[in-house]
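Hi everyone, thanks for making time for this. I'd like to walk you through one chain, so let's bring it up on the screen.

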Amino acid sequence: MALKGKKRMEKLVIVESPAKANTIKKILGEDFAVKASVGHIMDLPKKELGVDTENGFLPTYITIPGKEKVIIELRQAAEKASHVYLAPDPDREGEAIAWHISEIISSVTKTVNKSDSNPEVYRVTFNEITERAVKEAMSTPSVIDMNKVNAQQARRVLDRLVGYGLSPLLWRKVRRGLSAGRVQSVAVRLIVDREREIEAFVQEEYWTITGLFDGSVKPIFYSRLFKYDGNTIVERLQEGNKFYITTEEDADRIKDSLEGQAYTLKNIDTKKKKRLPSPPFITSTLQQEASRKLHYPAKKTMTVAQKLYEGIEIGDKGSAGLITYMRTDSTRIAPEAQAWSSQYIIDTFGKEYIPNKPHKYKVKANAQEAHEAIRPTYMEYPPEKIKRYLHKDHYALYELIWNRFIASQMAAAELEQTTFEIVDSNNRAIFRTTGTVIKFKGFLALYSETVENNDKNDKDESEILPDLKVGQSLSLLELKADQHFTQPPPRYNEASLVKALEEKGIGRPSTYAAILSTIEDRKYVEKLDNRFKPTELGTVVNDMLVDRFPELIDIQFTATMEDNLDRIEEGAVGWNTVIGEFYPRFRKELEEATNIPGKVKPEDIATEFNCEKCGKPMVMRWGKHGRFLACSGYPDCKNARPIESQDGNGQVNAEEEKTDEICDKCSSPMVIKRGRFGKFLACSNYPKCKNIKSIPTGLKCPLDGGDLIQRKSKYGRLFYSCSNYPACKFASGNKPVQQACPKCGAAYLLEKTDKEGHSIIFCQNKECDYKHETS
């Protein structure tokens, strides 16, 4: 509907975020009004299926509760506009938001090239919020890509059909209040399968022998026994490692035979190698590296990256979008970014740090090449220059993105790898050691990717070797035999789980963070030492779904469905065709699973305790709130009670730990119990007295002298805080040391443990560089 008698002058841009609107408004100026939808404005209803399964799976969208005011504002702004530019993010979700916005303002707008009485509606996208990119997009507007909309719609409908089908089944068969998702359930399966690999793993003992050698020049160096009597000590095979020395007796026998021998440097092999930099970040690699280097959960990484993309206030310069769009699987770099990064490298490191020609990085087959890699957008904003304007989390992630991008455009590192082979006088033994020397740092002058190495016994190649000649005699200074045990595959952490999801084609860049946070929020997995372990509930639900829905929970099937969503986006197949092929089989399996009588329950777990009422053994039984202690004589004996705690193997620790503490409310002894956030003190007179408090650490608060207690956050991290909270808000992730800083006089120091296990005491004053290693 056009406004009669009113002249349309204003051009309207609609984005999904107020922060993004602020940055774009600064770029476009007063000729444009910029409004935000604040995310999605329409969705499927929460309290009903909202999908017509008998009529082409037609979805019913409703206004999201609370968005009525936003919609009114957008409609009113559209009435005054001559042109409307829909500029949500350049992905499927953004396209769906743009489509829904166009639908809700349709009463006052029209499509392009219709009557001049209504505003023209365009779709604009940009991968970075810079003046160049925004103005270029505004000069070449397009229309909404319905293939992208349909791909998003297909995912939404699929997830709704699965969620609304499985959740009532879980309520009926396992426990009320449970829910399951199409992709999240497959992620849980990966974690459960890994846990079973660990449980089934059989450790092997093996031994290695290492000698400390001295040549004609320093330094002395270590070398590991590589072969003995023609047998390789540790032979790496495709199906696993094969070990020659498997007992202490064998190790001692071989060690004794090598003592007192003369040794000669038989061979020196020198190779020159080049190490190429890692490509610039895509979504998955950003989440992995932020997890490894910054210890950020994937969800936090994406939240911080979103803010960097949408805009940060840089003093009197105003809001600036500091990185390109952060949901991408493409490593492509725009030519202008390559140009300015090359100039920055020359200015900062020198011309020799520029490669002869730009690196070309491998691109995945299904990558969206319209997008770029995640990179900084402004050469003039290196991290250190704008640090004062950034929150510490924003700065840390921005610096990571900056360094990774600049390094990806730098020359390769040049390495010289030298291998010594040492033989004994009886020609029975060959010792081998490898050292690597960096001849030219190249990109390593700025950045090195963190690589997770799960083999703790794997030697690196950082040994510094002396300048020796072939044939020189060596003195054996020391010979030691070390015992090792093979290790099971590690549990997934956030970085390795994201990597596994990506490699197996489960989910897409925009969904990884949501998958990880959802399965943890639903209590299907928990974190132990920042690694995912399935809960018993997660294992029960997983096993039922794998048994009853083998195709739905199949990893390859889920990956194929992701490929089908990509094909919908390409226009190769209709969205309702894909769902139509999936739904009949799913509905049949759902009906069959629903008709199976009874509930799914884990078996009782025996304990070493007897019922105090009838003397029969107590067992850990599964109930609607998890495990509890119950008499095995049920129903004759109905004795039951909560489980106070369990150890790491799931065994009951029914005995409470006694303490010398006295309850300050009833004077009964206090005992140590365990809750979801760790151990705590509780009155032994429970339930008559419900007094509880945290266990003191013996340390005093450096601010007010109160008792320091150790707590556990909802993310599982330990920290120290004052018992007088909230009156005193002291909190620290590192252990406080009640000693003044000898350098700056700060009231207390902090203690932490580094990756090598060394204890380091350092000053709590960030401006002071005092540091002392204690072990």
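**A walk through the chain**

Let me begin in a loop: Val-38 sits between strand S2 (32-36) and strand S3 (42-43). Helices (H or I, at least four residues) and strands (E, at least two) are DSSP runs here, numbered from the N terminus. Val-38 is not a glycine, yet its phi is positive, at about 55°. With a relative accessibility of 44%, Val-38 counts as partly exposed. On that scale, buried means under 20% relative accessible area, exposed means over 50%, and partly exposed is in between (1.4 Å probe, protein chains only).

Before I go on, a word on what we are looking at. This is a predicted model, where local features need pLDDT of at least 70 and side-chain atom pairs count only at pLDDT 80 or more, while totals for chains, interfaces and linings use all residues. Residues are numbered from 1 along each chain as its sequence is written, and side-chain values use heavy atoms, leaving out hydrogens and water.

Now the overall picture. The protein chain has 16 helices and 37 strands. Its C-alpha trace spans about 105 × 85 × 60 Å along the principal axes. Of its 775 residues, 48% count as buried.

Back to backbone geometry. Lys-523 is another residue other than glycine with a positive phi, near 65°. You'll find Lys-523 in the loop between helix H13 (512-521) and strand S20 (525-528), and it is partly exposed, with a relative accessible area of 46%.

Where are the cis peptide bonds? One runs from Lys-218 to Pro-219, with omega near 5°. Pro-219 belongs to the loop between strand S9 (205-214) and strand S10 (221-228). Another cis bond runs from Tyr-725 to Pro-726, with omega near 10°, and Pro-726 is in the loop between strand S32 (718-722) and strand S33 (731-732).

A salt bridge here is a side-chain nitrogen of Lys or Arg within 4 Å of a carboxyl oxygen of Asp or Glu. How many salt bridges does a search of the whole structure find? The count is 41. In one of them, Lys-218 meets Asp-214, at 3.2 Å from N to O. Asp-214 is buried, with 16% relative accessible area, whereas Lys-218 is exposed at 60%.

Next, Arg-404 and Glu-449 form a salt bridge whose closest N and O atoms are 3.8 Å apart. This pair links distant parts of the chain, 45 residues apart: Arg-404 is in helix H11 (residues 392-408), and Glu-449 is in the loop between S18 and S19. Arg-404 counts as buried at 2% relative accessibility, while Glu-449 is partly exposed at 31%.

The side chains of Arg-641 and Glu-612 also meet in a salt bridge, at 3.2 Å from N to O. Arg-641 lies in strand S25 (residues 640-641) and Glu-612 in the loop between S22 and strand S23 (617-623), so the pair ties together parts that are 29 residues apart in sequence. Arg-641 counts as partly exposed at 30%, and Glu-612 is exposed at 53%.

There is a network of salt bridges too, linking Glu-128, Arg-132, Glu-136, Glu-336, Glu-372 and Arg-375.

On to the cysteines. Cys-722 is buried at 0% relative accessible area, and Cys-728 counts as buried at 7%.

Val-470 is in the loop between strand S18 (429-440) and strand S19 (473-485), and is exposed, with a relative accessible area of 51%. Its C-alpha atom is separated by 65 Å from that of Ala-606, and the two residues are 136 apart along the chain.

That's my tour, so over to you for questions.
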